[in-house]
Amino acid sequence: MTAPLAGLRVVDLTAFWAGPFATWYLAAMGAEVIKIESIQRPDGMRFQSVHPPTSDGWWEWGALYHTVNLGKRGVTLDLTRPAGIDILTRLLALSDVAIENFSPRVMDNLGLRYDDLAAVNPRLIMVRMPAFGLDGPWRDRVGFAQTMEQISGMAWLTGFPDGPPVIPRGPCDPLAGLHAVTALLAALEQRELTGRGQLIEATMVEAALNAAAEIVLERGAYGTHLTRDGNRGPMGAPQNLYACRGHDQWLALAIATDTQWDALVAAMGAPAWGRDPALAHATGRRAQHDRIDRGVAEWCAERDAATLAEELLAQGIPAAPVVSAARLDQNPQLRARGFFERVHHPMVGAHEFPAPPVRLASDHRRWYERPAPTLGQHNDEILRELLGLSEAALARLRADGIIGDRPAGA
Amino acid sequence: MPSTLDGLRVLEIGTFVSAPYCGKLFAGYGAEVIKIEPPGGDIARAHGPFRDGLPNPETSALFLYLNTGKKSVELDLRTAAGRDAFLRLAARADVVVENFRPADLRALGITYGTIQAANPRAVLVSITAFGQQGPYADYRSNNLIAFAMGGQMFITGTQEGGPLKNGGYQADYQGGLNGFSAAMLAVLAAERDGQGQHVDVSVQHCMAPILEAGIPYYSYMGRWAGVRRGNHMASFIGIYPCSDGHLGIHIMARNWKPFTDAINRPDLAEDPRFRTQADRGQHNDELMAEFFAWAAPLEKREIYRRAGPSRAPITFVHTMEDLLDSPQLNARGVLQRIDHPVAGEGVYVGPPWWMGTDGWSTGRAPLLGEHTEEVLRDVGGLSSVEITHLRRDGVRT
């Protein structure tokens, strides 16, 4: 079975989460991803370790690093010195894709301009993932996921009506990463016809904005003031969370049709308040949402959320327990779909990691051929195989600290 | 210069957000996207707000945004004639995108098998709440359910206030985005192998791997520190109210000095309680009190301007006005004006990326059934007699 991206070689200069998320996807789809770090500047995600910086090897214990770098091989290169740049340039000449998420000035400072690289390797596709863009007044600003959540309007719309805007915890890195992947795949399709690569600029802020963009049009065109509405929403009445038996257990319920409402009332044992004809249609239910919330909350309070959700779902009512982010491994649907793949890592042992959310009928491989790389793990292998470096040359690079497998100073 | 996906034809039998966002990305890259709408149209057409506040299927902002650059064919797939016309279009398409509940699509007599029989090279992309198989496959879902089932909601909000869903339709956007990527992989494979395939995307599954490390962390440590922390992951990562809104700060270790410089607080920089990131974590509450007091009198745009491009990650929570006025988004041409015969001119968010050789197609959203006749005739090869019959039985034009 051929993996969808078999034969595609990607030189991955990204760090943290947004960029590595893009190359995680490419690696899972069969691309050969070579992750570049340096002992002088390891990927910042290594610093989010489950072990304290006082313990040896702490940089190999980053849970998120291990997740988003699955399937990649790792090389360290000090790009601040000519020997490091020389090796990188030679790798790029042999590759299909270069991808980076530095501040815009870094690639220029390193002398790695797309035009120069394309002159050597016209098939190269270069994906640049700056926070705010390669130009514009905010070009050089620092941006994290939460920055994007605050700027894109997502935070403004998240929260309760009487409370402040709330940070929605994390979707912007993966959004940026996957949007960059979409552009890259389209460029691959175009390269089939033209034989040439191109430069792609996929910013974090514009990716985030695209996934919240109807609010811009709503405000700009119609002057509508959207407000935060907690867990309610325009397509359901009632729609909310209800506390269930036990600690921090919740039922999510979102009634979209009158039929579903009738089924819910029946499931609750047809209480008198539920049979009120004023609640038979969405408009009436919306007008008395608070009253419905009180009734449903009372009904849920002593029941088990997961059992209740199963019962309601089986009756065609959109319901769910609020699934703990840490215990998704217990979710029967994700289990049945093969959400988890077990991967052995030399430091932490075998653990389950999430698989990509898509299934291609033609592709039944394992997703991950290897765990996330330890720092500089594949220096010798890659520099020998691809560039033909001798043992003596490798030893010299190691002695000079151009390559290595421990963070400088650790 | 031809567009990136020029020549690719996509049929969309999808409603609301997920499949339409997938189709929108195809249209933006230059593919021909034919949106097949049920009689009365995509349910997103009923989603407010509308122009002048009056419900109108042609002026839903959600619909207008998600369907830029597409053609609309109104076709009743529940009728034999409608289904037949759909399969004739599928015979000429590279990709079919749908987001029906699996049982509902089967009830229409449409499966990957029927599409494959009409066109072996076609790629069918199914974007559903829970995927094609498994115990939940045919359960009903929607926005709230997707956030609850995917784990995202559990980590958003406060411990006291309970879990909180994200504003907007993030989960469905994730489904559309993943649908597009997987469709492109299958298109590339079809070009190589001459064979299409069925691509299965689960929105629940889309949400689960994007959580901040919850899964491996729990697996490594046997416990989980990821409680809901509201607006403060720590004192130095979070939102603080200011005089006219909310400021956000996100200070990693190396940002501390530039930050205290930018806000002109050498006293904080020199305070031994706050010297290292670990110190700042240790004295979290004291530092948080400092930040609340610091932010309270400030004006959001002024402090943002002052922070400038120094390595002081200060931002502010943008309202819709702030977005529309954004100097960065305006300078980059991200906000684009598109006219529409019924809704009028609107400001649309443009492409999520820029490519070197060509632009993003910015055609408006179609009127309901605007291209029914043209598409059935030119793509489906239906005669005018057949179209007349369809109009009576399975379609309105």
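**Close-ups of a two-chain predicted model**

**Figure 1. Leu251(A) sits across from Pro321(A), a residue of β9(A).** Everything shown here comes from a predicted model, so keep that in mind as you look around. The strand β8 of chain A (residues 250-254) pairs with β9(A) in the antiparallel sense, and three bridges link the two.

**Figure 2. Helix α6 of chain B is largely enclosed by the rest of the structure.** Why can we say that about α6(B)? Eight of its eight residues are buried, so there's your reason. If you want to find them, look for Asn143(B), Leu144(B), Ile145(B), Ala146(B), Phe147(B), Ala148(B), Met149(B) and Gly150(B). The cover comes from both chains: it includes β7, β8 and β9 of chain A, together with α7 (152-155), α8 (170-193) and α9 (203-207) of chain B. Just past the end of α6(B), check out Gly151(B), which takes a positive phi of about 90 degrees.

**Figure 3. Glu302(A) lies in a loop, between α13 and α14 (305-314) of chain A.** Is Glu302(A) buried or exposed? It's exposed, with 8 other C-beta atoms within 10 Å; a residue gets called exposed at 12 or fewer. Now look for Ala243(A): it is 59 residues away from Glu302(A) along the chain, yet their C-alpha atoms are separated by 8.9 Å.

**Figure 4. Here's where chain A touches chain B.** On one side, 116 residues of chain A take part, and they are in contact with 117 residues of chain B. Which element gives the most to the side of chain A that touches chain B? That's helix α8 of chain A (residues 172-194), with 14 residues. Sort the residues on this side of chain A by type and you get 72 nonpolar, 28 polar and 16 charged. Strands join in as well: β6 of chain A (residues 199-201) pairs with β15 of chain B (residues 354-355) in the antiparallel sense, over two bridges. To spot the pairing, find Glu201(A), which stands opposite Trp354(B) in β15(B).

**Figure 5. Strand β5 of chain B (residues 123-128) is buried from end to end: six of its six residues.** That's why β5(B) counts as largely enclosed by the rest of the structure. Both faces of β5(B) are covered, with Val123(B), Val125(B) and Ile127(B) on one side and Leu124(B), Ser126(B) and Thr128(B) on the other. Strand β4 of chain B (residues 95-98) pairs with β5(B) in the parallel sense, over four bridges, and you can see Glu98(B) opposite Ser126(B). β5(B) also runs parallel to strand β8 of chain B (residues 198-202), joined by five bridges. Look there for Leu124(B), which stands opposite His198(B).

**Figure 6. Two strands and a helix of chain B make a right-handed β-α-β unit.** The pieces are β2(B), helix α2 of chain B (residues 61-66) and β3(B). Strand β2 of chain B (residues 32-37) pairs with β3(B) in the parallel sense, over four bridges. Ile34(B) has Lys71(B) as its bridge partner in β3(B). Both faces of β3(B) (residues 71-74) are covered: Lys71(B) and Val73(B) are buried on one side, and Ser72(B) and Glu74(B) are buried on the other.

**Figure 7. Helix α3 of chain B (residues 80-90) has buried residues that include Phe86(B) and Leu89(B).** Gly82(B), Ala85(B) and Ala90(B) are buried there as well. These residues cover an arc of only 145 degrees around the axis, which puts them on the same side of α3(B). In general, an α-helix has 3.6 residues a turn, so residues three or four places apart point the same way.

Technical notes: Residues numbered from 1 in each chain as written. Chains lettered and ligands numbered in written order. Predicted model: local features only at pLDDT ≥ 70, side-chain atom pairs only at ≥ 80, totals over all residues. Buried ≥ 20, exposed ≤ 12 C-beta atoms within 10 Å, placed from the backbone. Arc of directions from axis to C-beta. Contact = placed C-beta atoms within 7 Å. Nonpolar A, V, L, I, M, F, W, Y, C, P; charged D, E, K, R; others polar. Pairing = 2+ DSSP bridges. Right-handed = clockwise from strand over helix to strand, strands pointing away.
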